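The following exercises are to be worked with the sequence and the coordinates at hand. Each task is followed by a solution in steps.

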Amino acid sequence: MAIETQPERAEPTGRGPETAGGGERPWWQHMGAHTGLIGAVAGYFLGHWLGNFLGGDFARSSLSDENDVAIVLGYSFAVIGWLAGLGVFNDLFLLMRGKPLPEEPRFLGQEGPGLAKYFRFTLDHKVVGIQYLYGMIAYFLTGGLFAMAIRTELLSPNYHIIGPEQYLMVVGEHGTMMMMMMSSVVLGPFGQYFGPLLIGSKRVAFPRLEALGFWLTPPAYIILLSSILFGGFPTGWTGYEPLATQATTGMDAYFFAFGLMGISMILAGFNMIVTIINFRAPGMRWSRLPMFVWGQFTVSWLQVLAVPVLVGACYMGLTDRTFQTAFFTNQLGGSSFLYQNLFWFFGHPEVYILALPGFGIVTEIISTFCRKPLFGYKVQVAGLLGVATLSFFVWQHHLFDSGINPDMRPLFMLTTELISIPTGFIYLVAMGTFWKARIRFTIPMLFALAFYFNFLIGGISGVFLSDVPADTTEHGSFFVMAHFHYTIMGGLIFAFFGGLYYWLPKMFGIKLNETLGKIHFWTMFLFFNTTFLPLFALGMLGMPRRVFTYARNLETLNDWVSISAFCLGASMLIFLFNFVMSMAFWRQREVGNPWRSRSLEWQLSTPPPAENFRRVPVILAGPYDYGVKDALPVADLDPPPGVIGSAYAPAARGPVTREVED
Amino acid sequence: MSLTARVAALIVAFLCVVGVGVFVAVYYIGSANQLPTVAYTASGGVVNVALQEDPQNNSTTTPDWVTYYTQDPTTKQWLHTTLFSVPAGTRVNVTIYGYDGCTPLRNNYWSKVQGTLGNVVTVQQFNKNNRPLGLTTTESLINSWATCSVGHTFAIPDLGLYVPVASPNAQNSVNNLCSNSPCTPASGGAYSLEKFSFMSPSQPGSYRWQCLIPCGGGFLNGNGGPMQTLGWMAGFMNVVST
Amino acid sequence: MSSAEIPLPAGRHAAEREQRRIWWLVAVWLLLSLAACLVIWFVWYPHLPPGDMTTSARHQQFDIAVLAVTAAPVILGVFCYFAYVLVVFRARPGDDSDGAPIYGNAKIQAAWIIGTSMIVLWLFVFGTVELIVPAGAGAGEGASPIWKQSGAQTVAWTPGTNDILQVQVIGQQWTWSYRYPQFGGMESTVLDLPVNTPITFHVTSLDVIHSFWPYLLGVKADANPQVDNVAYTTARQTGSFIVRCNELCGIWHGAMTSNGTVMTPVAFKVWATAVQAREKANGTLAALPPYALTYDPTVIPQLGKDLVNVVGVTGAPGYFYGPGNPVTP
């Protein structure tokens, strides 16, 4: 159980040119995103040529004038080229040739100041966390732009500003961008950055996998957007077969990008599980683990177990389209039900991959700003574990009307309704934490409260959907849209913004402007509810999803929703303005612990030292012991020598030689 | 990095993102609006619409896709669009030139002519030298399963209009189909000339129309590609108030 | 993890005040819940979607109303509680102290777990009953439904008896059509139905997945290729309705609508026999394939060969007619 695998090195001898990264060579001579881009373009052309060579004369290709093999191989080689250009394979090749790895300062974040490290394959989890943060904001805003286009088209049932197939393309891009790109990425910024900090570790278990997990997301983003150049994909984010096999080339981008994100999620989850199990500091018992880390832990299990099924479904979808296998073609012995089940076996844990980090973030926030211990720590842990476990047993509730075996339906109704019990534990803990608290209404707290408000509505509407008779009217309608926007956007995105306002001072030493932040919160909360609450009614009144036209009597309600959505988009612009101005111009310094939080990450300097902790800390107490007289600090950051060694002294193995603390 | 450099970098990054978004928006909105809408006006209380369906087309990206063309009433040019407008509450006389060969329907119910005046169409076959073959016949059902006889359909489901478009008959079409689009009677391909009429609705609006033959070659079930792209085998008939 | 509470604030007055406030909170919650439930049940229920045109729609109305009545006190309870704590326990300006170190309370935790479990179990039992009693509640039950409707399965349908009307719903890109096997397998683009008659829908597709959703009938069944999906209902009121497609099926998914009318059984029989006679006379019936629960559109007996073997499942012009009918340009 090693805490560190490399001997503690002496402090770097200043930021001199010999040891600091990037000092002696200009940035463009290092491998980074720019070389990755060159590799990607070269790879694409190579793959495309190879695909034309292999599959150019299929009957399908010559009749339809499009060659999916070329596109898919193009994407594959582009991704390999991108990774090669980034330098992901460098260490691997060195090891394969039996050479030692270089002592480059890119390990453990000793690269030095400057922005260049954010564009490289760095092994410092804090850098990866910040890369995820910017990535996620970019992906979120792109998906949001598509949402604005959707609502513009839905202003009128008769007057169409974009054609019906373009509308489907926009709908699919919006949904896939949000669901796919935000999946692991939401855990990314805070999970990758604060995970090791919260458990008292200097690093993650597999830094290369972690960085690879991030660097797979930009190609997934570009590939998903490239679908537009091929006419888009007509299936929405669920990619149902056999329509997906029937679609034009844009569909390949969907399957490929989703599969790529799936691989990214699996790697990120795998890394996080091993890190949390093995790299906890001494004294960090499971019962002292911060709730955010529990959230990360459960989410990582979901990612590792559920996402491979998606990758399989995407892969089979691609082979159906390129080499004309017939996994999902009923006439040739396949089954359209197979895709639905594969997709939703992933799809349901996926939505909990989105929801659980939200639970984790808001729990951290409410404890700090109620200045109270969490009410029922074990109950919340049971809730998180219960949700994660049960999420594997409910997926058929997406298929109640599809012609599945009818006796499955009461079973899945039961399991889906059972999942509301552990979800309710989150509310029990929150409600208990607020009792006899001293509540401070800071901006993160406002977002956390909004989370509880929105998720309650979203969750209860989920109970309506889990009930099979009620689901007969609600399935596939705007009711479902309202439900998942309330839980995912109203839940997770609010939690994300809360976490952002909460943790930005720790990550960058900069506080976002208070006034703008409050304006952002109130406009976002107000317009979010005015946009999505009427959608429940729209769905119950018979408007299906993904339609470009609807019954005339629903036009007023749709117009209200669209105007609200535009205002919601404007509130995001307020946030963007605040973010850019605060980070670039105003730079209101906030080092130290502005929230007076007990949590371990706040006990470090801002930004945290390169290797997180000079000495591995010894954890003395849980992070939620507010209000307790003479409570121990959460950790001893400067433990006396020998403490670590004795804590890990292997039984009867001779003298402990691990005196590495001095 | 100095403050100005940081600011510049952030602004550049942001503008890149916005630029991508705008490009995407303009690209797909622009592409939808590239299709012209052919406006037909009434003369003498009737409006005459002319369409043709071809076995290939003159585009560079997808030359093998089947497609419809719409004739501009003033210039008599065949435009590669499926959007046209007719006045409301008027008798619409439709002429369709069928240059494409036959394919069976997935649901042979659409072999029956529905929704036209008299529920019939008239069909006249022509050979590749533009000579009429046989007499003009009046059909109420063109059975795509019994003989090689239906090329495509023209259907406006909201009006209950379903019309099978006859193909050049089998013997006639051996190696005789038009191969340069947009086809004209003089361009050297056998074709069938089909005519029918219906009343345009009194309520203005956009009425979609589609083909029901699985003619998307290379796509599963034949319903992909041109079948799902405006300007090819799917379009809008806009009914405008007079 | 201690569950000790700090000593109550000084004085019994504070304790009594707190007790009173809690009773007020409970009273407000009870009143609001009662008001909400009454409004839901008496004002809203009769107008709840999907209306009361059919038995399945009525059962769904009832189901949704009961769910709402169960959910309203829960939502109101949480909101009232949050409103209370946010006001009472907010930090006064300048107050930097910590809150009370309450780590948990076994009784409250147990009560919560038991309470939520009971609500969930009640919902499950109720939902299952509501699913079974109306023969599947209008949802598609697959090819072998377990909960069937009562009625007589007959070859010919007679109005005024308990005969079940069989209707096949064929979804294809991008239009609906309906076949009535009890009327010779005649096909129609409008879905006309008799009132007060048990109806069995057999929903299938000819290409991709669609979903048959006549909203006012309270029926929803996915149309899958080569699959027969059965749904039941009985109409109780006459009137017209619109059928929408509820599963994304391509470009015209949003416009894939169809009209239908529920009429008196005698009028329905008149209409259906008239359509059957007309289609027999004008050759439509002969052109249709024999009625079957699913169709493979690439097997056309009249053409004497399996289309799939010739070119594959993709549509392509002309190759299906044999050497006598080549039609390549």
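**Exercise 1. Domains of chain A**

How far apart do the C-alpha centres of domain 1 of chain A and domain 2 of chain A lie?

Solution. The model is predicted: local features need pLDDT of at least 70 and side-chain atom pairs count only at pLDDT 80 or more, while totals for chains, interfaces and linings use all residues. Residues are numbered from 1 along each chain as its sequence is written, with chains lettered from A and ligands numbered from 1 in the order in which they are written.

Step 1. Domain 1 of chain A covers 30-102 and domain 2 covers 125-586; such bounds come from an automatic or database domain assignment.
Step 2. The C-alpha centres of these two domains are 30 Å apart.
Step 3. In the contact between them, 16 residues of domain 1 of chain A meet 14 residues of domain 2 of chain A (contact: C-beta atoms, placed from the backbone, within 7 Å).
Step 4. On the side of domain 1 that touches domain 2, the elements giving two or more residues are helix H1 (33-55) and helix H3 (68-86) of chain A; H3(A) gives the most, with 10 residues. Helices (H or I, at least four residues) and strands (E, at least two) are DSSP runs, numbered from the N terminus.
Step 5. By class, this side of domain 1 holds 11 nonpolar, 1 polar and 4 charged residues. Ala, Val, Leu, Ile, Met, Phe, Trp, Tyr, Cys and Pro count as nonpolar, Asp, Glu, Lys and Arg as charged, and the others, Gly among them, as polar.

**Exercise 2. The contact of chains A and C**

Determine how many residues each chain contributes to the contact, and which helix of chain A gives the most.

Solution.
Step 1. Chain A supplies 80 residues and chain C supplies 81 residues.
Step 2. On the side of chain A that touches chain C, helix H15 (residues 420-434) of chain A gives the most, with 8 residues.
Step 3. That side of chain A comprises 44 nonpolar, 21 polar and 15 charged residues.

**Exercise 3. A sheet in chain C**

Which strands stand at the edges of the open sheet of 5 strands in chain C?

Solution.
Step 1. The strand order is S3-S2-S1-S5-S8, with mixed pairing (two strands pair if DSSP finds at least two bridges between them).
Step 2. Strand S3 (186-188) and strand S8 (229-234) of chain C each have a single partner strand, so one side of each lacks a neighbour in the sheet.
Step 3. From one strand to the next, the twist averages 25 degrees; axes are lines fitted to C-alpha atoms, for helices over the stretch in contact, and angles run from 0 to 180 degrees between N-to-C directions.
Step 4. Strand S1 (residues 165-172) and strand S2 (residues 175-180) of chain C run antiparallel and are joined by 5 bridges. Gly171(C) has Trp176(C) in S2(C) as its bridge partner.

**Exercise 4. The position of Pro608(A)**

Is Pro608(A) buried or partly exposed?

Solution.
Step 1. Pro608(A) belongs to the loop between helix H20 (555-586) and strand S1 (618-619) of chain A.
Step 2. Pro608(A) counts as partly exposed because it has 19 C-beta neighbours inside 10 Å. A residue is buried if 20 or more other C-beta atoms, placed from the backbone, lie within 10 Å of its own, exposed if 12 or fewer, and partly exposed in between.
Step 3. Not counting residues up to four places away in sequence, Pro608(A) touches Lys126(A) and Leu197(A). The C-alpha atoms of Pro608(A) and Leu197(A) are separated by 8.8 Å, although the two are 411 residues apart along the chain.

Key:
Two residues are in contact if their C-beta atoms, placed from the backbone, lie within 7 Å.
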